[in-house]
Amino acid sequence: MNQQQSYPDHPDRFTYWFQVLSRESLTGRCYWEVEGRRSLFGYNDKSWSLDCYTERYTFYHNNNLTPVSGPVSSGIGVYLDHRAGILSFYSVAETMTLLHRVKTTFTQPLHAGIFVNNENSTFVNLK
């Protein structure tokens, strides 16, 4: 954007990093893809992220990082089974390759999120 937009204050708005969350919470089984390579989620116990930076993947949750190996692609597929507590990340190219899977208990509604930067991150196939 070339001009700054003015929006009313909202207590849930990110004020420092350019991040966005899906409007609707995700329940049941959901799959979406993200084109883009970085996020700033995963630094608390309520968010998870898989970053691709300098051609390497890193999984973040609760301010802990875990190196993840796998084929680097421009898209990351994310599968959520809210009731089963499964969150899976895939490298999406000609084939899908499982990169990392989390098994946990989700206690709050979840939202898909992306960090918006010069790489033009976007949601693709949010279902």
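Colour the chain by secondary structure, and from the N terminus on the elements run β-β-β-β-β-β-β-β-β-β, which amounts to 0 helices and 10 strands; here helices (H or I, at least four residues) and strands (E, at least two) are DSSP runs, numbered from the N terminus. The model is a predicted one, in which local features need pLDDT of at least 70 and side-chain atom pairs count only at pLDDT 80 or more, while totals for chains, interfaces and linings use all residues. Residues are numbered from 1 along each chain as its sequence is written, and side-chain values use heavy atoms, with hydrogens and water left out.

**The whole chain**

Of the 127 residues, 37% are buried, where buried means under 20% relative accessible area, exposed over 50%, and partly exposed in between (1.4 Å probe, protein chains only). Among the contacts with a separation of 6 or more, 48% are between residues 24 or more positions apart, a contact being heavy atoms within 4.5 Å.

**The sheet of S3, S4 and S5**

Select residues 48-53, 56-61 and 64-68 next. These 3 strands form an open sheet in the order S3-S4-S5, with antiparallel pairing; two strands are taken to pair if DSSP finds at least two bridges between them. Strand S3 (48-53) and strand S5 (64-68) stand at the edges with a single partner strand each, so one side of each is left without a neighbour in the sheet. From one strand to the next the twist averages 25 degrees, with axes taken as lines fitted to C-alpha atoms (for helices over the stretch in contact) and angles running from 0 to 180 degrees between N-to-C directions.

Between S3 and S4, which run antiparallel, there are 6 bridges, and Tyr53 stands opposite Arg56 in S4. Within strand S4, pick Thr58, which is buried with a relative accessible area of 17%. Leaving aside neighbours within four places in sequence, Thr58 is in contact with Ser49, Leu50, Asp51, Leu65 and Thr66.

**Aromatic rings**

Now show the side chains of Phe, Tyr and Trp. The count comes to 3 aromatic pairs, under a rule by which rings of Phe, Tyr and Trp (its six-membered ring) pair if their centres lie within 6.5 Å, with planes under 30 degrees apart counted as stacked, over 60 as edge-to-face and the rest as tilted. The rings of Tyr43 and Tyr60 have their centres 5.3 Å apart and their planes at 35 degrees, so this pair is tilted. The pair links distant parts of the chain, 17 residues apart, with Tyr43 in the loop between S2 and S3 and Tyr60 in strand S4. Tyr43 is partly exposed at 41% relative accessibility, whereas Tyr60 is buried at 14%.

Move on to Trp48 and Phe106, whose ring centres are 5.4 Å apart with planes at 85 degrees, so the pair is edge-to-face. Trp48 lies in strand S3 and Phe106 in the loop between strand S8 (96-103) and strand S9 (113-115), so the pair ties together parts that are 58 residues apart in sequence. Both Trp48 and Phe106 are buried.

**Charged pairs**

A search of the whole structure finds 2 salt bridges, each defined by a side-chain nitrogen of Lys or Arg within 4 Å of a carboxyl oxygen of Asp or Glu. In one of them, the side chains of Arg29 and Asp81 meet at 3.2 Å, N to O. Arg29 lies in strand S2 (residues 29-35) and Asp81 in strand S6 (residues 75-81), so the pair ties together parts that are 52 residues apart in sequence. Arg29 is exposed, with a relative accessible area of 65%, while Asp81 is buried at 12%. Another salt bridge joins the side chains of Asp45 and Lys46 (3.4 Å, N to O), and Asp45 is partly exposed at 44%.

**Strand S7 and its partners**

Finish by selecting residues 86-92. Strand S7 is mostly covered, with 6 of its 7 residues buried. S6 and S7 run antiparallel and are joined by 7 bridges, one example being Tyr79, whose bridge partner in S7 is Ser88. The hairpin of S6 and S7 has 4 residues between the strands, and Gly85 there takes a positive phi near 75 degrees. S7 and S8 also run antiparallel, joined by 7 bridges; the bridge partner of Ile86 in S8 is Lys103, and a hairpin joins S7 to S8 through 3 residues.
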